[in-house]
Amino acid sequence: MMNKPTYDKEKLALLLANTALKIAGVLAIFTIVGLSTVLYFNVMKPYNQKLLSQQVAKQSPKDIVAIPKELIKNGIHTPTGFKVGDHLHMVVATCTACHSAKLVTQNRATKEGWKDMIVWMQETQNLWDLGENEEPILSYLAKHYGPEETGRRKPLENIEWYSLDP
Amino acid sequence: MQSRRTFITKATATYLGTLLGAEIVFANRLMEGIVPVALSNQDDPYSLKGKSKGLTLLNDKPINAETPVHLLDDKTTPNDLFFVRNNGIPPTEINLDKWSLTIDGEAANKTINFTLKELKEKFKQYSYQLVLECGGNGRSEFSPPAKGNQWTLGAVGCALWTGVRLKDVLEYVGYSSEATYIGYYGKDTHVSGDPDKVVISRGVPMNKALEEHSLIAWKMNNEDIPLHNGYPLRLVFGGWPASTSGKWLKRISIRDRIHDGPKMTGQSYRVPCKPVAPGTKVDNEDMCIIESMPVKSLITYPKTGAMIGINDSLNIRGHAWAGELEVGKMEYSIDFGATWENCVLENPPNKYAWQQFEASIRFPKTGYYEVWARATDTQNQQQPMILPGWNPRGYLNNACHRIAVKVQ
C-alpha cells in the first residue's frame, strides 16, 4: 500500500528552496551563455594594439588582490594553473592576453632571464611597455618560477611501474 | 544611452570578478578583443581537431602538444598522434577551391599563382617517409633552462608525405643566378590578434629546396593533413628543424639573400657558432642557423617502468634517425654505458625516413636497470649520454633515450 504524500511546512520549505536553486541555476547558465556570446563577438572586433598599450601604461601596481579561496587548490590558481602569490592578478592580465598561462608555468628562469623574455616579446611579439607593472611581475615570476639546478642529466623520475608479460 | 562597449566592460568585469576576485583592470584590456585563455572554452573540440587525447598538451594558446614516446611505436606515425608545434593560430576558414600558392621573390623570373588543382595536375607526384622533428625537442632537460615550450622527447614523427617536388615548381617558375634561399608564408595568424603580423616565416637554402625529397605536400599517410599539421598544404623538408617546413602554405619567395622573415633571425632556431659555457649570453651575430638535425633514437617499446621476471627476455624496439645522414649503428646498454651491445637495425625505405631497431635483452640478476639506446650516424657521430652543448634557446638535445626496468 502506498503512502499518500503529505505536505508539512518543513517539506514545503525544502521544495521551495530546491525550486529556487534550480531557477538560479538556469539563470546562471543563461548568463554564462550570454556572456560567452558577447565575448565571442568581441573577439571578432578589430584589433587595436595602440589603445591596449595606452590603457595598460596608465595603470599602476595596485594593492594585492585577494584571490577567492574556492579558486585555489594546493596553492594553485585553478583557472590558470599559476602558483598563488603577490601580484598574481597582474601576471594573469598581462601574460595571458596573448598566450596560454601554460607557456609561463612550464618555463623557469632568473629575474634577468624573465626580463630577457619580456624584452624579446616586446621586440618581436607585440608586447606593450609594462610600465610600473614590470617590477612586480618580474618579482612574481622569479620567485615562483625560478630555475632549479638539474646538472647535465637528471635521474629518471615519476616512473609508473607495471608488470610486462613476456 | 548605454553603449555596447560599456556593457561589455561591465559584463566582462563581473565575470572576471568571479573568476579571479580581481578588479575592473582586466576588463579594460578585454574589451579590445582579447580573451585570456582562462576564459576561453578549453573543451572546444576545434582546439585539438584531429588529434588523439593521448598527446601531452604543453600549451593551449598557441597549441603545442607532443607524443608520449610509447605512442610513437608505429613505423610511420599516425596522423592523430603526430606532434603539434604551432607558433600562431591556424586558419579557421579554409576553402580548397580558392586556396592558392604564390611563387614570387627577388630572384624569381616571374610571379605565379597555383591553385591546389593546378599543383596536382601540372607536376608529377611523389611520396616519401620523412622525419619531422622540432628543433627544440628535448629542451626541458637544459640547465640553465632555456625559454620556450618545454618539449621532452616526443616533438618528432615520421609520416608518409605526398605532394609535388618543390624543385619542379621552382624550375617551372624560373629563378635567376642570384637565388639564395626560399622563404615561406602561411595562413596562420599571430596570437596577439594583429592580423598583419607574420607569425613565422622561415625557409631553406636553394640546395636544400632543390633536393628530390623536398616536397610541397597535401597528403599525410594517404589522408588529408590534419589542420594542426598544416592542412591543406605545407612544405616538408626531411632532416631539418621542422620549423623550416611551413604549414598552411600560401606563398614561397625565392630570395636573393638568406631569408629574413620572423624566426629566421636573432636567436630563433640558431645555436652559437662556437661552443659556449652553460648560461652564456650570446650576441645575435654569433648565432648560426640550424641546418641538419643530429643523430637520435627512441625506445618506443616497452614503455618505461616495465617489471619483468629474472627468467624473461626483454624485447625492445624503436626508431633511429640522423638528420641528413643515415644511422649506421644502433646499440643498447643496461649498465649505464659501461658496455654496449648491438641492436638489429633496418635500412630506411628512403632518405630522411627513420629506421627501426630491435634487440632482445637478458638481465644477469634482479634489480633496477636502465636500458639506454645509442645511435651512430654514417659519419661516426654518436648520441651523447649527457646533454650536448648548451645553447641559449635549448635546441638540438640528442642525448640518449633511456627507460627504467625492474627485474624481479
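**A guided reading of chains A and B**

Chain A contains six helices and four strands. The structure is a predicted model. Read from the N terminus, the elements of chain A follow the order α-α-β-β-β-α-α-α-α-β. Chain A has 166 residues, of which 23% count as buried. Among the contacts in chain A with a separation of 6 or more, 60% are between residues 24 or more positions apart.

The backbone of A:H87 has a phi near 70°, which is a positive value in a residue other than glycine. Is A:H87 buried or exposed? A residue is buried if 20 or more other C-beta atoms lie within 10 Å of its own; A:H87 has 21 C-beta neighbours inside 10 Å and therefore counts as buried.

Helix 3 of chain A spans residues 88-95 and is mostly covered, since eight of its eight residues are buried. These buried residues of helix 3 are A:L88, A:H89, A:M90, A:V91, A:V92, A:A93, A:T94 and A:C95.

Helix 6 of chain A, residues 134-144, can be considered next. Its buried residues are A:I137, A:L138, A:Y140 and A:L141. They cover an arc of only 160° around the axis, so they lie on the same side of helix 6 of chain A. Against which elements do the buried residues of helix 6 of chain A pack? They pack against helix 3 and helix 5 of chain A.

Two packed helices are described by the angle between their axes and the distance between the axes. For helix 5 (residues 111-124) and helix 6 (residues 134-144) of chain A, the axes come within 9 Å and cross at roughly 125°. Helix 5 of chain A is therefore oblique to helix 6 of chain A. The crossing in which helix 5 of chain A passes helix 6 of chain A is right-handed. On the side of helix 5 of chain A, the residues that meet helix 6 are A:K111, A:W114 and A:K115, and their counterparts in helix 6 of chain A are A:L138, A:L141 and A:A142. Sorted by class, this contact of helix 5 with helix 6 of chain A has four nonpolar residues, two charged residues and no polar ones.

B:P144 lies in the loop between strand 6 (125-133) and strand 7 (156-165) of chain B. The peptide bond leading from B:S143 to B:P144 is cis, and its omega is near -5°. Another proline, B:P232, is found in the loop between strand 11 (223-224) and strand 12 (234-236) of chain B. B:Y231 and B:P232 are joined by a cis peptide bond with an omega of about 10°.

The loop between strand 19 (327-333) and strand 20 (341-342) of chain B holds B:F336. This residue is not glycine, yet the phi of B:F336 has a positive value, near 60°. Is B:F336 buried or exposed? A residue is exposed if 12 or fewer other C-beta atoms lie within 10 Å of its own; B:F336 has 11 C-beta neighbours inside 10 Å and therefore counts as exposed. A positive phi is thus found in a buried residue at A:H87 and in an exposed residue at B:F336.

Terms used
Residues numbered from 1 in each chain as written. Chains lettered and ligands numbered in written order. Predicted model: local features only at pLDDT ≥ 70, side-chain atom pairs only at ≥ 80, totals over all residues. Helix = DSSP H or I, 4+ residues; strand = E, 2+ residues; numbered from the N terminus. Axes fitted to C-alpha atoms, helices over the stretch in contact; angles between N-to-C directions. Parallel < 35°, antiparallel > 145°, perpendicular 65-115°, else oblique. Left-handed = near helix turned anticlockwise from the far one by under 90°. Contact = placed C-beta atoms within 7 Å. Nonpolar A, V, L, I, M, F, W, Y, C, P; charged D, E, K, R; others polar. Arc of directions from axis to C-beta.
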